[in-house]
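Here is a short briefing on one protein chain. Look at the model first, then read the points below.

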Amino acid sequence: MLYFQLFYTFFKIGLFGFGGGYAMLSMIQGEVVTRYGWLSPQEFTDIVAISQMTPGPIGINSATYVGFTATGNVWGSIIATVAVVFPSFILMLAISKFFLKYQKHPAVEAVFSGLRPAVVGLLASAALVLMNTENFSSPKEDMYAFIISCIIFLVAFVGTRKYKVNPIVMIIACGIAGLILY
């Protein structure tokens with residue numbers, strides 16, 4: 001039963017996860033943390049961090065880790081990974097021929113114009129999902145940790161956005177800062 005739920009959950013996420021892996025994060029959290037309780041919020045945050053550091057798309061990496069964590073074996077990883085990729089694979093096979101032929105059609109352009117704001121909303125939702133007490137602490141629990149977390153976030157944001165610091169360098173620098181300051 002767990003394997004079927006895992007397949008169904010990640011198939012649904014793969015089917016409706018427009019915008020890539022980051023857009024899927026809020027959907028994944030809603031299903032695996034809130035709905036089924038397969039992971040705690042802390043475990044989900046850890047899985048997101050690991051998925052960002054490992055090669056490959058974050059949505060697929062997250063599915064792989066969640067599948068293993070939920071079932072305790074590699075079959076869960078395989079099922080979740082295949083399920084999250086399967087809808088995209090089938091849809092791309094089905095529409096690729098037609099898309100190349102009709103991509104300049106006004107109706108197709110209108111559909112993609114409508115999808116753009118939805119993708120931005122899903123990405124914003126993913127960012128908000130990660131702004132939780134596991135990542136930033138809480139002013140009520142530990143004011144020092146909260147302030148340090150906010151400062152590291154702001155430095156990373158400004159450094160990568162304004163000064164175009166290499167993200168790998170920024171990850172290493174923020175990790176060292178967290179190690180020293182906490």
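**The largest pocket**

The lining of the largest pocket has 21 nonpolar, 8 polar and 3 charged residues. Here Ala, Val, Leu, Ile, Met, Phe, Trp, Tyr, Cys and Pro count as nonpolar, Asp, Glu, Lys and Arg as charged, and the others, Gly among them, as polar. This is a predicted model: local features need pLDDT of at least 70, side-chain atom pairs count only at pLDDT 80 or more, and totals for chains, interfaces and linings use all residues. Residues are numbered from 1 along each chain as its sequence is written, and side-chain values use heavy atoms, without hydrogens and water.

- The pocket's volume is about 1,500 Å³.
- A pocket is an open set of points on a 1 Å grid over the protein atoms alone, where a 1.4 Å probe fits, with protein on both sides within 12 Å along at least five of seven lines.
- The volume is the space filled by probe spheres set on the points, which are joined across faces, edges and corners.
- The lining counts 32 residues, each with an atom within 4 Å of a point.
- Q52, L130, F153, A156 and I171 lie nearest the centre of the largest pocket.

**Helices**

- The chain has 9 helices and 0 strands.
- Helices (H or I, at least four residues) and strands (E, at least two) are DSSP runs, numbered from the N terminus.

- The axes of α2 (residues 21-35) and α4 (residues 58-71) come within 8 Å and cross at roughly 25 degrees.
- Therefore α2 is roughly parallel to α4 (angles under 35 degrees).
- Axes are lines fitted to C-alpha atoms, for helices over the stretch in contact, and angles run from 0 to 180 degrees between N-to-C directions.

**Overall size**

- The C-alpha trace spans about 55 × 45 × 30 Å along its principal axes.

Notes: Parallel < 35°, antiparallel > 145°, perpendicular 65-115°, else oblique.
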